[in-house]
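Trainee: I have a model open and would like to learn how to read it. Where do we begin?

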Amino acid sequence: MTPELIALLLAAIVGVALAMLLDRRAAGSLLAGEALLVGIGAASGALLALSVAGVLWTRVSLVIVLGGISVCAWIGVVKSRRPEPDAITPRHPATFAIHALTIVLVAGFATLATLAPLWEFDFIGDWGLKARTFFAAGGIDWPFLEHPFHYDVHPDYPPLLPLAFDVFAVMRGAWNDATLGLLSVAFAAALLLVVNRVAREETESSITAAAITAAMVPFACSPWIGLAEGPFVAYATTALLLLRRGSVAAGAVMLGLAASTKNEGLSLIVAIAIALVAARRARDLIRLWPAVVIPLPWLILRHLHALQTDLAAGNPFVRIIEHLREPGPLLDAFRRYGAGKPLLWISLAFGIVLIAKQLVKLERFVMVALAMQFLFYIGAYLATPHDIDWHVRWSWERLISHLAPALTYVVLVRLLAREAPATVEGSLQPD
Amino acid sequence: MRVLSLLAAAGIAAGAFEPFYVRIFNLDRSRVAAMLTELPYKKLPGLRPFLVSVRAQTKDGDVIALAAPLHRAHWQGGYDYLYARALYLLSGRQVLPLLDPADRPHLENLAKAKYIAGYRCDPQTPGFAVIWRSQDGELLRRIK
């Protein structure tokens, strides 16, 4: 597993500098989490750039590009002045016991993730297949993506995750699908690092923050190992938490990386833009530009290569109208395939009722963003060219897993914080 | 109110908890690993070792046509199951189906193929000779 760990270390070194430039308030575990997320994104972007430039993927070419990004970013860090990090409450000794529980759970997840070659069909038939094919080609294999036989591999899906797998493969010099689960662990750890620091700053209690972090483990450690759910949850949830606290530049970059991981990230950009307006933060809209710029190269490339998109096939508006006229099959499918873990949803609903006023007044940004994204997901089901029952069966629980972490976080923080952490209506804001 | 809040938070944590991430430390992990390795291929017994052997005897860029006593029928006939997995395990090679979505023979793909990988079948084809055989299938190579 050494080459994969070196790849993650390289990504983190690049990522630390980029995170320091993007988020001047980030410190401690927040900086570490952002560094991993941005670093993995940068390494994937480096492979995309090499491929577009026609340079064969090798360990040397990847390290040169990452080294270049790193040097530029570190020069920027040295030249810029970072403010002193916000003072945080000292750690209570009991915190370590709770963190130990978190570490045990993440270690269990890591054990599972690296136990065998990744086994999910969507890894073998989509994310992993593309990564392995690209690695064999030494770059993005456009003829493979364009071939009509390969329609089922979703050639239009954003490439961040396959390229991240390829970063591992390039560093190893071979394809080893028994170690690729480490990437899922890295994304999970990054999100938990972000959650812990943000919660600690907001609740002003290291014990409460540690408890929230431990409770968030099952959300960060996505059971769909090797699929894009885990990385998407990490990027999307981090984007929501950062934008919520006013770290717009870093949040927008995370949002752009979410949109480079799953197409759902594109709808999340729109959902977040609407939420900013609803939270009376329309002035921040323009600052979301990195969220649009980061996925743009892939959108252009997929258009140039005419890659097939299943949801847009035929006339989606006709399908939406047809499904709205007869909503029975969709509602039946929702009833048949639950969102899993009833105790979680009952407790969340109970918690939401307890703090409904706070959520409406102080968490409008996150709540509106999640509600809009949920509506977009319903819209996708209405527009589906596939059998609705089949589509809901194989995606509903995964789509809900995109929304649950941010919702759970804000509910837990509001339930457990002794005093309301926000002073500005709509969402948290920096000074 | 504070007690109710703590109760709700405890319910959320308990409801979200994933016991498998603790149980895994007490499991026979080598057995679980073997099960997970075969899991994506289990509907077609012997498929994984068959494709791994085909991979070992071919190289990147080779064109391999896939034969099997299966049909397509909108993913229900087994051929798509086989084809999707062959694409992954034979990545780097060009894997061509010998059936179109309507289950008609794709004979033009046979003309392009350097190899025929026959899963649990003996696709005797003029111009090809068997170069490897196992209980799960055989690999034929173009000889002219």
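Mentor: With one residue. A:L407 touches A:L348 and A:L370, leaving aside residues up to four places away in sequence. Keep in mind that this is a predicted model.

Trainee: Which helix holds A:L407?

Mentor: A:L407 lies in helix 21 of chain A, residues 388–416.

Trainee: Is A:L407 buried or exposed?

Mentor: Count neighbours. The cut-off for buried is 20 or more other C-beta atoms within 10 Å. A:L407 has 23, so it is buried. Now compare sequence with space. A:I352 is 55 residues from A:L407 in sequence, yet their C-alpha atoms are 9.5 Å apart.

Trainee: How is a helix pair described?

Mentor: Two packed helices are described by the angle between their axes and the distance between the axes. Take helix 12 (residues 248–259) and helix 13 (residues 264–278) of chain A. Their axes come within 7 Å and cross at roughly 145°. Helix 12 brings A:L255, A:A258 and A:A259 to the contact. Helix 13 brings A:G265, A:L266, A:L268, A:I269 and A:I272. By class, that contact has 7 nonpolar, 1 polar and no charged residues.

Trainee: Now the interface. How many residues does each chain put into the contact?

Mentor: Chain A gives 36 residues and chain B gives 31. On the chain B side, helix 1 (2–16), helix 2 (20–23), helix 3 (29–38) and helix 5 (79–89) each supply at least two residues. Helix 1 of chain B gives the most, with 10 residues. The side of chain B that touches chain A has 21 nonpolar, 6 polar and 4 charged residues.

Trainee: What is the make-up of chain B as a whole?

Mentor: Chain B has 6 helices and 5 strands. From the N terminus the order is α-α-α-α-β-α-β-α-β-β-β.

Trainee: How do I read a sheet?

Mentor: Strands of a sheet pair through backbone hydrogen bonds, either parallel or antiparallel. Chain B has an open sheet of 5 strands in the order 2-1-3-5-4, with mixed pairing. Strand 2 (94–97) and strand 4 (128–134) are the edges, each pairing on one side only. The twist averages 25° from one strand to the next. Strand 4 and strand 5 (residues 137–142) of chain B pair in the antiparallel sense over 6 bridges. There, B:F128 stands opposite B:R142 of strand 5.

Trainee: What does the radius of gyration of chain B come to?

Mentor: Chain B has 23 Å, whereas a compact globule of 144 residues would have a value near 15 Å. The box around its C-alpha atoms is roughly 80 × 35 × 25 Å along the principal axes. Buried residues make up 35% of the chain B residues.

Notes: Residues numbered from 1 in each chain as written. Chains lettered and ligands numbered in written order. Predicted model: local features only at pLDDT ≥ 70, side-chain atom pairs only at ≥ 80, totals over all residues. Helix = DSSP H or I, 4+ residues; strand = E, 2+ residues; numbered from the N terminus. Buried ≥ 20, exposed ≤ 12 C-beta atoms within 10 Å, placed from the backbone. Contact = placed C-beta atoms within 7 Å. Nonpolar A, V, L, I, M, F, W, Y, C, P; charged D, E, K, R; others polar. Pairing = 2+ DSSP bridges. Axes fitted to C-alpha atoms, helices over the stretch in contact; angles between N-to-C directions. Rg over C-alpha atoms; globule rule 2.2 N^0.38 Å.
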